[in-house]
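Please look over the structure below before reading the notes.

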Amino acid sequence: MKGLRDHKTAIVDRLKTDESFRKAYLNEALNEDDPVVVLSMLRDVVEATRGFTKLAKETGLARQSLYKVFSEKGNPEFGSVWKIVRILRKKNQTLVPAH
């Protein structure tokens with residue numbers, strides 16, 4: 001159907017413009033149990049807010065390494081993911097609620 005956007009595009013667009021949605025989405029990502037879903041959601045936030053070049057500078061990780069972290073075949077190290085999470089939490093002033 002003409003004019004319909006795919007779900008991912010709609011999510012990223014809303015993450016760009018809606019701060020409360022972005023914070024809730026990031027919190028949901030960090031509370032998710034499935035690591036594949038976590039990385040997919042974190043990638044959405046990165047695409048909407050920073051981009052890979054800026055995130056590479058902020059984390060000290062090579063941009064190509066970031067692409068590998070977020071790829072479907074990637075097997076990222078915890079330290080790499082944690083650097084990304086810390087930057088996203090800091091920039092979005094988001095705290096993960098306790099369960």
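This is a predicted model: local features need pLDDT of at least 70, side-chain atom pairs count only at pLDDT 80 or more; totals for chains, interfaces and linings use all residues.

Residues are numbered from 1 along each chain as its sequence is written, and side-chain values use heavy atoms, with hydrogens and water left out. The protein chain has six helices and zero strands; helices (H or I, at least four residues) and strands (E, at least two) are DSSP runs, numbered from the N terminus.

**Overall fold and surface**

- From the N terminus on, the order of elements is α-α-α-α-α-α.
- Of the 99 residues in the protein chain, 34% are buried; buried means under 20% relative accessible area, exposed over 50%, and partly exposed in between (1.4 Å probe, protein chains only).
- The protein chain exposes about 6,800 Å², and carbon and sulfur atoms supply 51% of this area. Accessible areas come from the Shrake-Rupley method with a 1.4 Å probe, and for residues only the protein chains shown count as cover.
- Among contacts (heavy atoms within 4.5 Å) between residues at least 6 apart in sequence, 55% join residues at least 24 apart.

**The nonpolar core**

- A nonpolar core is a set of buried Ala, Val, Leu, Ile, Met, Phe, Trp, Tyr and Cys residues joined through side-chain atoms within 4.5 Å.
- The largest such core has 26 residues, of which L42, F70 and I84 touch the most other members.
- Two or more residues of this core come from each of α1 (7–17), α2 (19–31), α3, α4, α5 and α6.
- The largest share, seven residues, is given by α3.
- Leaving aside residues up to four places away in sequence, L42 touches L26, A29, L30, F70, V81, V85 and L88.

**A buried charged residue**

- D44 is in helix α3 and counts as buried, at 4% relative accessibility.
- Residues up to four places away not counted, D44 touches K8, I11, V12, L15 and Y25.

**Helix α4**

- The buried residues of helix α4 (residues 52–59) are F52, L55, A56 and T59.
- Why are they on the same side of α4? They cover an arc of only 105° around the axis, the arc being that of the directions from the helix axis to the C-beta atoms.
- These buried residues pack against α3 (35–49), α5 (63–70) and α6 (78–92).
- Just after α4, G60 has a positive phi of about 80°.

**Aromatic rings**

- There are four aromatic pairs in the structure. Rings of Phe, Tyr and Trp (its six-membered ring) pair if their centres lie within 6.5 Å; planes under 30 degrees apart count as stacked, over 60 as edge-to-face and the rest as tilted.
- F52 and F70 are edge-to-face, because their ring centres are 5.7 Å apart and their planes are at 70°.
- F52 lies in helix α4 and F70 in helix α5, so this pair ties together parts that are 18 residues apart in sequence.
- F52 is buried at 8% relative accessible area, and F70 is buried at 8%.
- F78 and W82 are a stacked pair, 6.0 Å centre to centre with 10° between the planes.
- Both F78 and W82 lie in helix α6, four residues apart, about one turn of the helix.
- F78 is exposed at 64%, whereas W82 is partly exposed at 38%.
- F52, Y67 and F70 form one aromatic cluster.
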